[in-house]
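Hello,

Here is the model for your files. My notes follow below it.

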Amino acid sequence: MSHPVDIHVGKKLKNLRVLRGLTQTDVAKGLNISFQQVQKYELGRNRISASKLFEIANILNVPPAYFFEGLDQTADDSTPVIDEETARIAAVFSKIQDDRLKAQIRSFIDAVAGYVPAENNNGA
């Protein structure tokens, strides 16, 4: 049975890898391991050594401590891992320089999704 810390670190690895637009193979090549090993890391089935975690952090350009952020919070297995399409959209959206255009796009997405941001929800 996997340890909760290994599962948490694996989820953080997968989320960040997807957000960076990398495949398991991309990360595996940087670590000189198989993509199956990265898959096991992401699922928490295999524990990541300190040296590998340091290498992963360098590949993904985050401090090693990133993988432990939120660990002290209540575990919530219902939190989905971000999917590839959402990550791609987020990556492209973050490259938009025009703040006014970004706000318009957010408003459009909110409207399509039927989401009312808290600051706009005044009880009316």
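**Rings, core and surface**

The charged end of lysine 102 sits over the ring of phenylalanine 93, 5.1 Å from the ring centre (the criterion is NZ of Lys or CZ of Arg within 6 Å of the centre and within 35 degrees of the ring normal). Lysine 12 lies over the face of tyrosine 66, 4.3 Å from the ring centre.

This is a predicted model, in which local features need pLDDT of at least 70 and side-chain atom pairs count only at pLDDT 80 or more, while totals for chains, interfaces and linings use all residues. Residues are numbered from 1 along each chain as its sequence is written, and side-chain values use heavy atoms, without hydrogens and water.

One aromatic pair turns up in the whole structure. Its members are tyrosine 66 and phenylalanine 67, edge-to-face at 5.4 Å centre to centre and 85 degrees between the planes (ring centres of Phe, Tyr or Trp, the last by its six-membered ring, within 6.5 Å; planes under 30 degrees apart are stacked, over 60 edge-to-face, the rest tilted). Tyrosine 66 is buried at 16% relative accessible area, and phenylalanine 67 is buried at 0% (buried is under 20%, exposed over 50%, partly exposed in between, with a 1.4 Å probe and protein chains only).

The largest nonpolar core has 16 residues, and Phe67 is among those that touch the most other members, as are Leu13 and Ile48 (a core is a set of buried Ala, Val, Leu, Ile, Met, Phe, Trp, Tyr and Cys joined through side-chain atoms within 4.5 Å).

Valine 112 is exposed, with 60% relative accessible area.

Regards
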